[in-house]
Amino acid sequence: MAPVKVTMEVGTDGVAVITIFNPPVNALAIPIIAGLKEKWTEATMRNDVKAIVLTGNGGRFSGGFDINVFQKVHANGDTSQMPDVSVDLVVNTMEDGKKPAVAAIEGLALGGGLELALGCHARIAAPRAQLGLPELSLGVMPGFGGTQRLPRLIGLSKAVELMMTSEPIMSEEGKKLGLIDAVVPSSELLKVSRQWALDIAERHKPWMRSLHKTDKIGSLSEAHEILKVAREQVKQTAKNMPQHLACIEVIEEGIIHGGYNGVLKEAKVFKDLVLSDTSKGLVHIFFSQRATSKVPNVTGIGLKPRTVKKVAVIGGGLMGSGIATALALSNTIVILKEINSEFLQKGMKAIEETYEDVSYITANVSGLVARKKLPQDKADKALSMVKGALDYSDFKDVDMVIEAVIENVPLKQKIFSEIEKVCPPHCILATNTSTIDLNIIGENTTSKDRIIGAHFFSPAHIMPLLEIVRTEKTSAQAILDLMAVGKAIKKVPVVVGNCTGFAVNRTFFPYSQGAHILVNLGVDVFRIDTQIASFGLPMGPFQ
Ligand SMILES: C[C@H](O)CC(=O)SCCNC(=O)CCNC(=O)[C@H](O)C(C)(C)COP(=O)(O)OP(=O)(O)OC[C@H]1O[C@@H](n2cnc3c(N)ncnc32)[C@H](O)[C@@H]1OP(=O)(O)O
């Protein structure tokens, strides 16, 4: 295992470069936090150090506080395992320290990682670095001063939006907002950051402490209005989540009583939230999602996923067009096959309209398009990746076929016999069936090792789950390839067995049956829906 450490190198220019080493994302584990304190103190005391640059090894600044620590706290309820980073390290040692510091950000600075950067006196970033405070998605809130410094750098309204949605922005947008001082090519990052730090030390550039800034906050009445709207929104969008309202309250504390008091309140509420059931659940989800990428006898046995460049989707209905959209959005060449030109046209149109939907939905739900996450040229490029087909002539060089026709066994069996003949021998033969036994679908083929389930959920270009169904004969290579495709199209691929209902419907059937039994016993349907929604599901079974 690569060493977890913090290093410091002092150049002849008098700049101490402090580097975080904790692959793969430079998470702020407890020894890293201790190492930062130690190196910062040393740099502050050394006479040959004029200024500090903080950076992360391996092209990633930091993915934030070590989430494994939350898991430990959840197991034993002891929050004293979390060190006092916010005041001791970020305020006292870094921000109020005697030497100016510049954060040199590449790849990503998320959560506590961004908060360390906010505690520096300037931030220089490489292009397309991800910047964000996603703590609410883990049931907690920023705990290293982010609730106070981000609004002071980019304004309250945008800062609240970033925290409430947990969505990152790119460094280019960060520059426009005032979060980043300069975006420079990766090759120049350290050089520019060193010079910037020296310029601050020599007072050629401002020695800016974000916590002391007031110019972006606006008047008290404006701030109250922004926070009032935010509170109303989260009552709709996150009504079972305690962390959103708690975060707004902590932001408000800083607006009314000053940034430092905000930091103190933040540190206390952060620890309370770590102990909440919501945090326990969301941290569990974080690790469970990642655990799905480790499949015994498939991953970690030396196999490499093969390149899947071209995929044929059979059936241009709701599922087929959604699957084609998801693939094309990730730059995969897609052949969409239908049985006649009328159906094909409908399928192609559904994809185009889906694109419009994508911009519509993202603009409304998370502002992705508005924030240039799906620029028009990218949408146009993706659309150009899709070609319609009425026969199999384009199937001779496809790497994967995903059959997405109606749930009809003879039809699926016929399609599988046909594609086995027309596709190259390496091609993966996948079905989007939600209920049919894959052994029956592939009964008439001799390629049982290539037959696999790729079960998407509607709308397929949006819903993150992808069930990968394997039979006893499906090869490890085919599973690995589909897992890689799933990840590339931004799904969470979960490998499941070829059993009744696979995983999702196997869970869903008893859930809905339970609700029907209650109705038969005389329970009001509205009451069931209300209970389920207050439990945390987006809607009840009868809505
Ligand atoms: C006090 C502070 O305010 C509190 C905090 O900072 S809470 C933490 C806030 N940060 C986050 O929420 C970021 C969480 N991480 C992510 O979103 C993503 O991992 C990422 C965008 C950084 C990288 O994504 P990607 O490249 O797809 O890699 P991904 O598979 O997710 O992660 C790689 C590994 O790093 C681990 N990891 C990522 N972030 C981590 C973190 N903050 N702590 C511990 N482990 C982390 C993952 O568990 C995974 O481990 P594994 O290989 O053993 O499964």
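Student: Is Lys490 buried or exposed?
Tutor: This is a predicted model. Lys490 sits in the loop between helix 18 (476-488) and strand 17 (492-497). Its phi is near 65°, a positive value in a residue other than glycine. Lys490 has 12, so it counts as exposed.

Student: And Asn297, buried or exposed?
Tutor: Asn297 lies in the loop between helix 12 (277-291) and strand 10 (310-314). Asn297 is not a glycine, yet its phi is positive, about 65°. With 9 C-beta neighbours inside 10 Å, Asn297 is exposed.

Student: Which residue does a cis peptide bond join to Pro23?
Tutor: Most peptide bonds are trans. Here omega is about 5°.

Student: What is omega for the bond from Ser458 to Pro459?
Tutor: Pro459 is in the loop between strand 15 (451-456) and strand 16 (465-470). The bond from Ser458 is cis. Its omega is near -10°.

Student: Which strands stand at the edges of the open six-stranded sheet?
Tutor: The strand order is 1-2-3-4-6-9, with mixed pairing. An edge strand here has a single partner, so one side is left without a neighbour in the sheet. That describes strand 1 (5-10) and strand 9 (182-183).

Student: Which helix packs on that sheet, touching strand 1, strand 2 and strand 3?
Tutor: Its direction makes about 20° with that of strand 1. It spans residues 30-45 and is helix 1.

How values were computed: Residues numbered from 1 in each chain as written. Predicted model: local features only at pLDDT ≥ 70, side-chain atom pairs only at ≥ 80, totals over all residues. Pairing = 2+ DSSP bridges. Helix = DSSP H or I, 4+ residues; strand = E, 2+ residues; numbered from the N terminus. Contact = placed C-beta atoms within 7 Å. Axes fitted to C-alpha atoms, helices over the stretch in contact; angles between N-to-C directions. Buried ≥ 20, exposed ≤ 12 C-beta atoms within 10 Å, placed from the backbone.
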